[in-house]
Every structure is written in C-alpha cells, then in structure tokens.
Amino acid sequence: MTSDVEFKAWRVEELDGNYKGTEQTLSTADLPAGEVLIKVSHSSLNYKDALSASGNKGVSRSFPHTPGIDAAGEVVESATGTPAVGSQVIVTGYDLGMNTAGGFGEYIRVPAAWCVPMPSGWGAQAAMIYGTAGLTAGLCVQKLLTMGARPEQGRVAVSGASGAVGSVAVELLAKLGFDVVAISGKADHAESLKALGATQVLGRDALAEDRKPMLKPAFANAVDTVGGLPLAELLKQIKPGGSVSCCGLVAGPQLQTTVLPFILRGVNLLGVDSVEIPLADKEAVWEKFAGDWKCEKTEASAKRIGRADLERALNAFLKGESSGKIILDHAI
Ligand SMILES: NC(=O)c1ccc[n+]([C@@H]2O[C@H](COP(=O)([O-])OP(=O)(O)OC[C@H]3O[C@@H](n4cnc5c(N)ncnc54)[C@H](OP(=O)(O)O)[C@@H]3O)[C@@H](O)[C@H]2O)c1
C-alpha cells in the first residue's frame, strides 16, 4: 500500500441550498474505501454530471461531492491484483460520480468489478471521447444487431440525433452500412449530421403527435434517445419485425402507446441501460469502439477542457446549449 497523496479535484459544495463547484486539494485518504486506486487522466462530460453538480438529489444525495460518472486512467493500487498496478482502465456508470467520488478528481477509488481493461492500442483520451454517451449508443446499436437488424431491411431512425448519444449512434450506424435518418430539432445541425453519415435529416415534427393508432411503416429499425411522445409515434412507424432501442427520456419518462405496434407488426422495444449492466457487456462495446467501430468524426470533433472550464461547460448542458463531445483532461 502506497502512502496517501494529495490531488486536485473539482468538488461541489452546498451552501444555503446553492451548489458551487471549485477546485480543491484533497488526499487519497478522503476517497471511499475500495479495491482499486486509479490516477485519472481523463473524464467525459455528461448531462448527469450537470445534474449532480447542480445538487440534483436523484443523482447525488450528499455534498461536498466530486462529480464525474466517467473516468479513465492508470491503476496505482490494486487490492485484488486484477486489474494490475500500472494497467490502464475505463470506469463508467455503477455509482461513480453519483455518490462515489468521480472522475472530476485526479484520483478515484472503486471496486475492481467496475474496471474495464483498456483495449490494447487505445488510450484514456480516446475512451473518454465516447464516455457513457458513446457506450450507450454502442449498446443501442448492439441490441439492434442482436435482434437481426441489417442494412438491406431499410432506413434506421435516430431521434435526438444531435445529442451526445444520438450523434455517436448516427455515425456508428452509417459506418456499419445503414441508411440513417437523423431526427433532430436543430435545423442548424443538419449539415453536421449529414457529415456524420445521415442520408436524411428530419425535424422533430416527423414524430409529432398523430391520433391514428398506426402509421405507414417508415423505418426498419430505430435508436430512440428521447422517450415520451416521440417514442410512441416512432413505434407506430416501424416496419414489421423491426426493433427500437430505447435509452433516454429528454422528451419525458411517460410512454403512452397501444399494443398495436407489438401485436400487429411484431415490433420489438429494446431497453438499454449502460450503468448497471455486467462489466463484460461494457467491455465488449469498448473493444469494438477501439477497433471496427471507431467513430473518426466524433473523435476528431471532441473538445478538451480543463477543470477551470467545468462550471461553464456543465451549465451549457443544463441550458440545452451543449453540443458535441467534451472531455476533461486533468493535465490542462
Ligand atoms: N440508458 C442509459 O444508460 C443512458 C446513458 C446515457 C444517457 N442516457 C439518456 O439518454 C438521453 C440522451 O442523452 P444525451 O447525453 O445524448 O443528451 P443530450 O446530449 O442532451 O442530447 C439529447 C438530445 O435530445 C433532443 N431533445 C432534447 N430535448 C428534447 C425534447 N423535449 N423533445 C425531443 N427531443 C429533445 C436534442 O436533440 P435534437 O435537437 O437533435 O432533437 C438533444 O440534443 C438522456 O435522456 C439521457 O439521460 C441514458
């Protein structure tokens, strides 16, 4: 066991119901008990981090707290021997950054069962460009493939296409040869969505409320990142035997639908969780992003920021003004 070391962290404190993050010096002795101590080089920014940093008790119950649901870096202590000291690992989800100090600090201490070995030839910066959002997009696409989705079946819709999950789903599906229809509320993102590989960009009105219980089948399969009414409308437009991977709720957590898409067209609604799933399922998707699923355009467009820029970047998420992938580089 090495002795405790001091490190920098962006830590959020509560004062009279207001939440404010600042850079602080902490000690590894301040971290929770756990099996693996990791020197974090990079983290990734997610909407959930913005919720944690703004005191959302559904995400983080007690403060002071270090957010950051994603982290990648080098193992410096390992009580279990696996992962080994000196190896690089990726940690996303489980309780990281929620009620366990997260990747906005230069060190984390977590259970060994949360650590995915870094795919060979890959690094922390690349992994954190994808982060939880990319992992979720990968899991959505993997579920469609497992259900037998193939490019020749027809167009695949992606809702919330300009978002962090949606944009990776667009690029990945296009890379795999699918004809991708991006559904987005941001007309000014149409060109960038086409650059990611979408063949067509539709406005959110493509999934606006329609009183008819079923609609003309328009898509063979879909990735839905928004939930709510748009998901209900999407289900009405899926071809017989098609599937929809569902992972998000920005348009609302309620799903008011009939059973008709399921019993008349055999449509499959596939739930996707990236947080509490078995480590092996995460590892399989990370290995793919490090190999055949590499999303060059997403990687090229990611922005790197330092801890000093976290507050501004997280506020942009809360205001819905964030776009593209942002990673935290602790060396900046
Ligand atoms: N299941 C999991 O494990 C998991 C993991 C990560 C994220 N998520 C969830 O997945 C969702 C997307 O995450 P994200 O990181 O991609 O978020 P994001 O970057 O904020 O993107 C969400 C996108 O949804 C669209 N949108 C926003 N408000 C909308 C509304 N009211 N109606 C319809 N569309 C709307 C916007 O895209 P356009 O302007 O292009 O339409 C927006 O860019 C979130 O609900 C998040 O909580 C789930």
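Between them, domain 1 and domain 2 bury about 350 Å², with 54% of that on carbon and sulfur atoms; buried area here is the accessible area (1.4 Å probe) that two parts lose on being put together, summed over both. Now select Thr92, Ser323 and Lys325: these three supply 62% of the area that domain 1 buries against domain 2, more than any other three residues.

A word on ground rules: this is a predicted model, where local features need pLDDT of at least 70, side-chain atom pairs count only at pLDDT 80 or more, and totals for chains, interfaces and linings use all residues. Residues are numbered from 1 along each chain as its sequence is written, and side-chain values use heavy atoms, with hydrogens and water left out.

Next, colour by domain: domain 1 is 6-118 + 302-329 and domain 2 is 133-271, bounds that come from an automatic or database domain assignment. Their centres, taken over C-alpha atoms, are 31 Å apart. Four residues of domain 1 are in contact with four residues of domain 2 (contact means heavy atoms within 4.5 Å). What about salt bridges between domain 1 and domain 2? The count there is zero, a salt bridge being a side-chain nitrogen of Lys or Arg within 4 Å of a carboxyl oxygen of Asp or Glu.

The structure as a whole does hold eleven salt bridges, so go and find some. Select arginine 307 and glutamate 23: their closest N and O atoms are 2.7 Å apart. Arginine 307 is in the loop between strand E14 (303-305) and helix H9 (310-318), glutamate 23 is in strand E2 (residues 18-27), and 284 residues separate the two. (Helices, H or I with at least four residues, and strands, E with at least two, are DSSP runs numbered from the N terminus.)

Is arginine 307 buried or exposed? It counts as buried, at 9% relative accessibility, while glutamate 23 is partly exposed at 42%. The cut-offs are under 20% relative accessible area for buried, over 50% for exposed and partly exposed in between (1.4 Å probe, protein chains only).

Last stop: glutamate 152 and arginine 150, a salt bridge with its closest N and O atoms 2.9 Å apart. Glutamate 152 is exposed at 60%, and arginine 150 is partly exposed at 43%.
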